[in-house]
Amino acid sequence: MNFLAHLHLAHLAESSLLGNIMADFVRGDPTELFSADIVSGIRMHRRIDVETDKHPLVVGAKRFFRPAYRRVAPITLDLIWDHFLSLHWSKIEPELPLTEFVRQARQQIEPQLSVTPERFQSLNEHLWPQNWLIRYAEPEYIGASLRGMARRRPKLSDLAGSYDDFSAEYAQFEQIFWQFYPQMMQKAIKKQFISEHIKP
């Protein structure tokens with residue numbers, strides 16, 4: 001899952017938005033570093049990542065990437081799920097416009113940035129002003145995001161090419177999203193992602 005999905009699932013679970021969105025910037029046991037609600041959010045994020053990676057639908061989705069790009073497929077899929085969530089937000093959350101959700105999330109997260117890792121603070125300088133979460137609805141923006149990651153991290157250079165597979169198999173990925181993401185939503189609503197402790 002990427003930023004938008006983690007925030008949305010945290011919202012459904014009534015979990016810390018900050019903890020859920022910054023978890024990838026925190027290593028090891030966060031217990032002594034943050035408040036209990038943020039720690040719980042970090043652990044929820046980690047559980048979601050574990051469940052996503054092993055979910056049969058996600059594992060199956062990797063076969064739509066050419067062999068050369070399957071190594072980076074999990075990263076590309078994270079962005080793909082955010083694309084479809086952003087694109088279809090009004091169907092998923094008909095009573096909460098995406099622009100309002102993003103505004104509320106930003107309002108909750110930004111006042112707490114001083115206690116977060118510097119790399120996460122730097123991310124926020126771009127995430128909100130550049131409307132990443134809303135622009136994820138544009139396939140071309142997903143491509144630009146993947147190419148940007150490929151430039152910044154040479155070991156992930158294959159991300160640039162993986163966008164072509166996303167485009168070629170767009171309908172297949174969309175169908176998988178509608179099977180997979182509602183399952184994750186139900187688990188979040190039932191607070192199943194925060195019912196079990198995740199070891200750091």
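These are my notebook entries on a predicted model of a single chain.

**Entry 1: overall layout**

I started with the secondary structure and counted twelve helices and zero strands. Read from the N terminus, the order is α-α-α-α-α-α-α-α-α-α-α-α. Next I looked up the radius of gyration, which is 16 Å, close to the 16 Å from the globule rule for 200 residues, so the chain is as compact as a globular protein of that length. I also noted the span of the C-alpha trace along its principal axes, about 45 × 35 × 35 Å.

How much of the chain is buried? I got 50% of the 200 residues. For contacts with a separation of 6 or more, I found that 67% join residues 24 or more positions apart. On charge, I have 24 positive and 24 negative side chains down for the chain, with the centres of the two sets 5 Å apart.

**Entry 2: helix α8**

I picked α8, residues 118-127, and asked which of its residues are buried. The list reads F120, L123, N124 and L127. These residues cover an arc of only 105 degrees around the axis, which puts them on the same side of α8. The background for that spacing: an α-helix has 3.6 residues a turn, so residues three or four places apart point the same way. On the face turned away from the buried side I found the exposed residues E118 and E125. What covers the buried residues of α8? The cover includes α1 (3-13), α2 (17-22), α7 (98-109) and α9 (132-135).

G19 sits in helix α2. Is G19 buried or exposed? Its relative accessibility is 0%, so I wrote it down as buried. Skipping neighbours within four places in sequence, I find G19 in contact with I38, G41 and I42. I also checked G19 against Q186: they are 167 residues apart in sequence and 20 Å apart in space, C-alpha to C-alpha.

S15 is in the loop between α1 and α2. At 13% relative accessibility it counts as buried, because the cut-off for buried is under 20%. Leaving out residues up to four places away in sequence, S15 touches A10, N20, S40, G41, M44 and I194. G41 turns up for S15 and was also on my list for G19.

**Entry 3: positive phi**

Last, the backbone. E14 has phi near 55 degrees, a positive value in a residue other than glycine. E14 lies in the loop between α1 and α2, and at 67% relative accessibility it counts as exposed.

The other one is N131, with a positive phi of about 55 degrees although it is not a glycine. Where is N131 found? I located N131 in the loop between α8 and α9. At 39% relative accessibility, N131 counts as partly exposed.

Terms used: Residues are numbered from 1 along each chain as its sequence is written. This is a predicted model: local features need pLDDT of at least 70, side-chain atom pairs count only at pLDDT 80 or more; totals for chains, interfaces and linings use all residues. Side-chain values use heavy atoms; hydrogens and water are left out. Helices (H or I, at least four residues) and strands (E, at least two) are DSSP runs, numbered from the N terminus. The radius of gyration is taken over C-alpha atoms; the globule rule is 2.2 Å times the number of residues to the power 0.38. Buried means under 20% relative accessible area, exposed over 50%, partly exposed in between (1.4 Å probe, protein chains only). Contact means heavy atoms within 4.5 Å. Lys and Arg count as positive and Asp and Glu as negative; His and the chain ends are not counted. The place of a charge is taken as NZ of Lys, CZ of Arg, CG of Asp or CD of Glu. The arc is that of the directions from the helix axis to the C-beta atoms.
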